[in-house]
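Colleague: I'd like to go through the labels on this one and hear what backs each of them up. Can we start with the word "buried"?

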Amino acid sequence: MEDMTYEKAIKRLEDIIEQLENNEIPLEDSISLFQEGIQLSQYCDKKLKTIQAQVAQIYENGHLKDFQGEE
């Protein structure tokens, strides 16, 4: 999952939500999908926090700052 883009993770999460809302899959499969959804949600949260930290490094105290990128 670490090599998945944020956009792909969100799309997969939307697909899982749609499947769970339709109530057309067996309970066992619902549990597996729910677990995958939780993992995707945590992954997306982590990605957003990383981007937020990068933006904070670029723009600090109302002034643009040199961006060093990830090392």
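Modeller: Buried means under 20% relative accessible area. Keep in mind that this is a predicted model. With that cut-off, 14% of the 71 residues of the protein count as buried.

Colleague: What makes Ser30 a buried residue?

Modeller: Its relative accessible area is 18%, and the cut-off is under 20%, so Ser30 counts as buried. Ser30 lies in helix H2. Setting aside neighbours within four places in sequence, Ser30 is in contact with Leu20 and Ile25.

Colleague: And H1, which of its residues are buried?

Modeller: Ala9, Leu13 and Ile16. They cover an arc of only 60° around the axis, so they sit on the same side of H1. Helix H2 (27–58) is part of what covers them. On the face turned away from that buried side, H1 carries the exposed residues Glu7, Lys8 and Glu21.

Colleague: Why is the pair Lys11 and Asp15 called a salt bridge?

Modeller: The definition asks for a side-chain nitrogen of Lys or Arg within 4 Å of a carboxyl oxygen of Asp or Glu. Lys11 and Asp15 meet at 3.0 Å, N to O, so the pair qualifies. They are four residues apart in helix H1, about one helical turn.

Colleague: Why do Lys11 and Asp15 both get "partly exposed"?

Modeller: That label covers the range between buried, under 20%, and exposed, over 50%. Lys11 is at 47% and Asp15 at 26%, so both belong in it.

Colleague: How many salt bridges does the structure hold?

Modeller: Three. Another one joins Glu36 and Arg12, at 2.9 Å from N to O. That pair links distant parts of the chain, with Glu36 in helix H2 and Arg12 in helix H1, 24 residues apart. Lys49 and Asp45 also form a salt bridge, their closest N and O atoms being 3.2 Å apart. Both lie in helix H2, four residues apart, about one turn of the helix.

Colleague: And what makes Asp45 partly exposed?

Modeller: Asp45 has 39% relative accessibility, which falls between 20% and 50%, so "partly exposed" is the label.

Notes:
Residues are numbered from 1 along each chain as its sequence is written. This is a predicted model: local features need pLDDT of at least 70, side-chain atom pairs count only at pLDDT 80 or more; totals for chains, interfaces and linings use all residues. Side-chain values use heavy atoms; hydrogens and water are left out. Buried means under 20% relative accessible area, exposed over 50%, partly exposed in between (1.4 Å probe, protein chains only). Helices (H or I, at least four residues) and strands (E, at least two) are DSSP runs, numbered from the N terminus. The arc is that of the directions from the helix axis to the C-beta atoms. Contact means heavy atoms within 4.5 Å.
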